[in-house]
Amino acid sequence: MRLRKKPHTDEKLKQFEDFVTVGEVEPIKKDLTRELYVELGTGMGDFITQIAERNPQINFIGLEVEKTCVLSAARKVREKNLSNVRLIVFDVNNISELFGEHEVDRLYINFCDPWPKKRHAKRRLTHVRFLEMYKKILKPEGEIYFKTDNRALFDFSLEQFALAGLEVRDVTNDLHADEPPDNIRTAYENKFSAAGVPINSCIARFANG
Ligand SMILES: C[S@@+](CC[C@H](N)C(=O)[O-])C[C@H]1O[C@@H](n2cnc3c(N)ncnc32)[C@H](O)[C@@H]1O
């Protein structure tokens with residue numbers, strides 16, 4: 001019997017090419033009439049699709065390195081018929097190539113990989129190395145919304161924020177104890193919360209912004 005070859009993720013992603021970019025990507029041409037919020041490590045798109053649905057006047061870009069995750073996210077965008085979301089298969093390490101100076105109004109970092117080994121600290125998306133890149137692309141008054149289940153990563157990130165000259169507000173080690181009504185739970189947030197793990201969260205902004 002001849003087995004039918006399962007189409008590749010690349011092939012499947014082609015159905016979404018009106019809002020998904022794979023491979024070489026041109027720098028973003030910002031729509032100056034609308035705010036731009038960017039999520040780093042979008043995963044399967046639960047967060048970005050919900051927040052975009054609630055805020056149709058804002059443009060959203062999700063950056064995610066894993067194509068299979070982008071495919072799941074793309075299906076959700078299509079299902080909800082959202083016209084304000086763009087997804088890019090992209091490594092955040094190269095974020096400076098994607099956005100011009102001060103083009104981004106807000107960044108979301110939701111449950112980024114903790115990279116627990118000390119020698120991998122530079123890979124954490126809240127390492128000062130990344131914060132310096134974010135400073136260039138964020139509007140001076142722009143903010144970074146950060147959530148994680150990982151207390152060690154959270155404490156490390158607060159140190160890095162201070163080191164990079166960011167001020168923090170709404171710092172909590174248990175977001176769900178008094179959950180803000182506008183909090184949108186990500187897939188990882190639901191998973192960890194269901195397992196009884198408290199969620200750490202804060203909002204950071206460059207002090208001289
Ligand atoms: C732990 S998951 C969290 C997913 C989602 N944000 C959530 O909260 O449910 C981290 C995601 O970040 C992506 N990621 C990790 N490093 C990345 C990088 N350098 N650039 C883009 N995406 C990255 C991973 O592929 C993964 O989908």
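Colleague: Let's start with α3: how many residues has it, and how far does it reach from first C-alpha to last?
Modeller: α3 has 14 residues and reaches 20 Å from its first C-alpha to its last, close to the 20 Å expected at 1.5 Å a residue. The expected span is 1.5 Å times one less than the number of residues. Helices here are DSSP runs of H or I with at least four residues, strands are E runs of at least two, and both are numbered from the N terminus. Bear in mind that this is a predicted model: local features need pLDDT of at least 70, side-chain atom pairs count only at pLDDT 80 or more, and totals for chains, interfaces and linings use all residues. Residue numbers run from 1 along each chain as its sequence is written.

Colleague: Which residues of α3 are buried?
Modeller: Cys69, Val70, Leu71, Ala73, Ala74 and Val77. Buried means 20 or more other C-beta atoms within 10 Å of the residue's own, exposed means 12 or fewer, and partly exposed is in between, with C-beta atoms placed from the backbone.

Colleague: And what covers them?
Modeller: The cover includes α1 (9-13), β1, α2 (46-54), β3 and β4. Contact here means that the C-beta atoms of two residues, placed from the backbone, lie within 7 Å.

Colleague: Is Asn81 buried or exposed?
Modeller: Asn81 is exposed, with 7 other C-beta atoms within 10 Å.

Colleague: Which other non-glycine has a positive phi?
Modeller: Trp115 is one, at about 40°. Trp115 sits in the loop between β5 and α5, and counts as partly exposed with 17 C-beta neighbours inside 10 Å.

Colleague: Switching to the sheet. What's the strand order?
Modeller: The sheet is open, with eight strands in the order β1-β4-β3-β2-β5-β6-β8-β7 and mixed pairing. The edge strands are β1 (20-21) and β7, each of which pairs on one side only. Two strands count as paired if DSSP finds at least two bridges between them.

Colleague: How does β2 pair with β3?
Modeller: β2 and β3 (residues 59-64) run in the parallel sense over five bridges. The bridge partner of Glu39 in β3 is Gly62.

Colleague: How many residues of β2 are buried?
Modeller: Five of the five residues in β2 (residues 36-40) are buried. Leu36, Val38 and Leu40 point one way from the strand, while Tyr37 and Glu39 point the other way.

Colleague: And β5 with β6, parallel or antiparallel?
Modeller: β5 (residues 104-110) and β6 pair in the parallel sense, over six bridges. Asn110 has Lys147 as its bridge partner in β6.

Colleague: Where does α5 lie?
Modeller: Helix α5 (residues 128-137) lies across β5, β6, β7 and β8, running at about 140° to β6. For that angle, axes are lines fitted to C-alpha atoms, for helices over the stretch in contact, and angles between N-to-C directions run from 0 to 180 degrees.

Colleague: What does Val128 touch?
Modeller: Val128 is in α5 and touches Gln160, Leu163 and Ala164, not counting residues up to four places away in sequence. The C-alpha atoms of Val128 and Ala162 are separated by 9.3 Å, and these two residues are 34 apart along the chain.

Colleague: On to α6 then. Which of its residues are buried?
Modeller: Leu153, Phe154, Phe156, Ser157 and Phe161. They cover an arc of only 165° around the axis, which puts them on the same side of α6. The arc is that of the directions from the helix axis to the C-beta atoms.

Colleague: What's on the face turned away from that side?
Modeller: That face carries the exposed residues Ala152, Asp155, Glu159 and Leu163. Over the buried residues, the cover includes β6 (138-148), β7 (166-172) and β8 (200-206). After α6 comes Gly165, with a positive phi near 80°.

Colleague: Last one: how many helices and strands in the whole protein?
Modeller: Seven helices and eight strands. Buried residues make up 38% of the 209 residues.
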